[in-house]
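Subject: Structure handover

Hi,

Here is the structure I promised to pass on to you. My notes on it follow below, so please have a look at both together.

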Amino acid sequence: MQVHINSVDLLCFLLLLLLLSVGLAGAGAGAGDSPGNPFTPRASLLRYWNKEIPNAAALPKPAFLLSKASPLDAVDAAAFAKLAARGSLPDHLPAFCAAAGLLCFPDLSPSLEKHPTDSDFAVYSNKNFSNYGNDRLGGLDSFKNYSDGENVPIDTFRRYSHDSSGHGDRFANYGPEGNVVDQSFSSYGGGATGGTGEFKNYNPDVNVPNLNFNNYGSDANGRAQTFTAYTDETNAGAESFSSYGKSGNGAPNKFAGYASDSNVITSDFNGYGQGGNGANDTFANYGKDGNVPENNFKNYGDGGNGISDGFANYRDQSNVGDDSFQSYAKNSNSAKVHFANYGKSFNEGTDKFSGYGQGAKGQEVEFKTYGVNNTFKDYGKTGIRFAQYANATGVAAAAAAAAMVSGRAVNRWVEPGKFFRESMLKKGTVMPMPDIRDKMPKRSFLPRSILSKLPFSTSKLAELKRIFHAGDNSSMEVMMANALAECERAPSAGETKRCVGSIEDMIDFATSVLGHDVVARSTESTAGSKHDVLVGAVHGINGGEVTKSVSCHQSLFPYLLYYCHSVPKVRVYEADLLDPKTKVKVNHGVAICHVDTSAWSATHGAFLALGSRPGMIEVCHWIFENDLTWATAD
């Protein structure tokens, strides 16, 4: 009997065969690696992994890495790839970010609301505060526990308390433990008379803050601003004060405990107090005990009358750090500036004074117990006094004496256990485990079909800003610019590097360096973090011989981006980590030991923590949560 098959039935039959063949291509992915829908980016990744790394069927893939594969389904992946090709992603950014699991900032629209009564904001986040407290007589607005523990909190304060009289603002415990904080204070307190602005415990323990104070308190009369415990113990952020207190009258500003114990914080004071009368600014414990703080004062107090500024314990006992004073108190009248115990860094920093006090009249500037490595250019020649100015030899000797206790450097900026010697990796050793928790915002990789259509270079930053709705000087712009700069940086001696935005790209880089018989490893969990651990059984990868590896660390970018690099002469270890008291296993750690440290900086945290200097010792560290290292299969 002859069977007739119409074209629709034939098409359905062929499609079924295709689905079966594609599904079988994912076979052997291993337990938990089921690709599900064979057309998704995740299924495509699994097929690629199995093809490029033949041992993949026998060895487990890191679950945390697979969990970061793009969550897009086949339809959305195709649709967003088409939008990216047309340059239309910016018009669909919220939907794209939500579906693809990206880090994007909400667009806060301007607000013309009026707020004539007192406001109390507690347990609140992501808000546009425009025209709050304007033209107010007295009263108080309070922000308490605001944006507490938020990931990517964004707050805008525009024309807040503008032209008010006797109105107080209080920010207490504002934005603690946030991640990628973006806050803007524009024309805050401008033209106000009296009243106070108090920032207490503002943004403590946050990661990558971006804070902008523009025209803050300009043309104000007698309005006091206090910053107490401002951005203490924060990590890698920037704060900008532009035209702060400009043309103000009798406005005292106090910075106490500003950016103390912070890591790589940059502060810019541009036009601060410019043209002001009777300004009184105090910087006490500013940048104290920080790691590489950078502060820039440009046109600070320029043309001011009767200003009084005090810098006490400024950048004291910090690690390195740089300060720049350009045209500070230039053309001012009767300015009084006191630097006491200024810039006495644990490791030598740099201070530059250009045009400081130039053209000023009746000034009084005193440097008392001042640090080393300073440049004074076009400096005012009258009314200047230097007392107990430290010389390099004395500071170096004092620092060396203070740094060494029982043969080890004492440095509070390097967490105990972050770096250790290879001899510590033996059974029975009790050692501190650093905080290896991933503090980056949660993001996903992009599929190659979309990634290949997006720009990725400093020269294309403007286009990236357009795509991700990043404003000028915003956290998003700074974040992308920093990541691009690090990716484009020339490799160090012996280093091979590449930034990857997809797991496929990571596989390509790892196999190009190590070959196709490779395994990705990471520390099993964060258990034991910030506690002592007992080292159990230790296993050296490839017999503990010196080998090559590819380590990958997260970079802050809208989509998940890893900085992967290979450095020569390393040893990789796996070790069981036990509770020292109960001897119960709590974790399985992966550590990498750098045998050759000759190209490292002398101020690297490893040498601050362990003593010694580049090329003299090996340095080991654990692989942190969501980071990984690739090595040849053992």
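Tyr-573 sits opposite Ala-591 of β31. The pairing behind this is between β30 and β31 (residues 585-594), antiparallel strands joined by 9 bridges; strands here are DSSP E runs of at least two residues and helices are H or I runs of at least four, both numbered from the N terminus, and two strands count as paired if DSSP finds at least two bridges between them.

Before going further, a word on the source: this is a predicted model, where local features need pLDDT of at least 70 and side-chain atom pairs count only at pLDDT 80 or more, while totals for chains, interfaces and linings use all residues. Residues are numbered from 1 along each chain as its sequence is written, and side-chain values use heavy atoms, with hydrogens and water left out.

Back to the sheet. It is open and has 5 strands, in the order β24-β27-β30-β31-β32, with antiparallel pairing. β24 (430-432) and β32 (619-622) are the edge strands; each has a single partner, so one side of each lacks a neighbour in the sheet.

Strand β30 (residues 570-578) also holds Arg-571. The side chain of Arg-571 makes a polar contact of 2.7 Å with that of Glu-422 (a pair of N or O atoms within 3.5 Å; within protein, one must be able to donate a hydrogen and the other to accept it, and residues adjacent in sequence count only if both atoms are side-chain atoms). Setting aside neighbours within four places in sequence, the contacts of Arg-571 (heavy atoms within 4.5 Å) include Gly-544, Val-546, Ala-591 and Cys-593.

The largest nonpolar core has 36 residues, and Phe-96, Leu-102, Leu-446, Ile-450, Phe-468 and Tyr-559 touch the most other members. Such a core is a set of buried Ala, Val, Leu, Ile, Met, Phe, Trp, Tyr and Cys residues joined through side-chain atoms within 4.5 Å; buried means under 20% relative accessible area, with a 1.4 Å probe and protein chains only. Elements giving two or more residues to this core include α4 (74-86), α5 (93-100) and β29 (561-566), and α9 supplies the largest share, 6 residues. A second, separate core of 27 residues includes Phe-445, Ile-507, Val-513 and Ala-520.

For the chain as a whole, there are 11 helices and 33 strands, and 51% of the 634 residues count as buried. Of contacts between residues at least 6 apart in sequence, 75% join residues at least 24 apart.

Best wishes

Methods:
Buried < 20%, exposed > 50% of the residue type's maximum accessible area, 1.4 Å probe, protein only.
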